[in-house]
Amino acid sequence: MRKMRKYKGGQLDCVICNCCGKKLVVKDGILREGAVSFEHCWDYFSEKDGEIHRFDLCEECYDAVISQFAIPAEVEENTELL
Ligand SMILES: [Zn+2]
């Protein structure tokens with residue numbers, strides 16, 4: 001499996017969107033582009049028991065994915081944002 005998040009000296013160095021393969025902008029160890037990081041540990045009730053799935057999506061791919069939803073994703077204003 002190819003790692004979509006690469007680290008250099010403990011600092012985030014590279015993030016690639018799993019969907020389109022686009023390299024996202026990382027500067028000084030911080031992702032400078034809209035992206036979503038997904039990590040899910042499947043449990044006993046799934047057919048993937050014990051597997052951890054991880055992927056990153058750029059904002060465009062995220063928008064494309066959620067536009068397929070029958071019921072839109074919940075969107076809430078983040079009031080803790082500085
Ligand atoms: Zn993408």
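**Exercise 1. Identify which residues coordinate the zinc ion, and describe the geometry of the site.**

Solution. The zinc ion is coordinated at 2.3 Å by the SG atoms of Cys17, Cys20, Cys58 and Cys61, where donors are N, O and S atoms within 2.8 Å of the metal (3.2 Å for Na, K and Ca) and water is not among the atoms, so sites may look incomplete. This is a predicted model, in which local features need pLDDT of at least 70 and side-chain atom pairs count only at pLDDT 80 or more, while totals for chains, interfaces and linings use all residues. Residues are numbered from 1 along each chain as its sequence is written, and side-chain values use heavy atoms, with hydrogens and water left out.

Next, take the angles: among the four donor atoms they run from 103 to 117°, and the site is tetrahedral, a label given to four donors if all angles lie between 85 and 135 degrees. Along the chain, the donors follow the spacing C-x2-C-x37-C-x2-C. Cysteine 17 lies in the loop between β2 (11-16) and β3 (23-24), whereas cysteine 58 belongs to strand β7 (residues 52-58), so this pair ties together parts that are 41 residues apart in sequence; strands are DSSP runs (E, at least two residues), numbered from the N terminus.

Finally, consider accessibility: cysteine 17 is buried at 1% relative accessibility, and cysteine 58 is buried at 2%, given that buried means under 20% relative accessible area, exposed over 50%, and partly exposed in between (1.4 Å probe, protein chains only).

**Exercise 2. Determine the strand order of the open sheet formed by three strands, and state which strands stand at its edges.**

Solution. The order is β1-β2-β3, with antiparallel pairing, two strands being paired if DSSP finds at least two bridges between them. β1 (5-8) and β3 stand at the edges with a single partner strand each, so one side of each is left without a neighbour in the sheet. Between β1 and β2 there are four bridges, and the bridge partner of lysine 8 is glutamine 11 in β2.

**Exercise 3. Work out which parts of the chain are tied together by the salt bridge of arginine 5 and aspartate 56.**

Solution. The two side chains meet at 3.0 Å, N to O, a salt bridge being a side-chain nitrogen of Lys or Arg within 4 Å of a carboxyl oxygen of Asp or Glu. Arginine 5 lies in strand β1 and aspartate 56 in strand β7, so the pair ties together parts that are 51 residues apart in sequence. Arginine 5 is partly exposed at 24% relative accessibility, whereas aspartate 56 is buried at 4%.

Key
Tetrahedral: all angles 85-135°; square planar, octahedral: opposite > 155°, others 65-115°.
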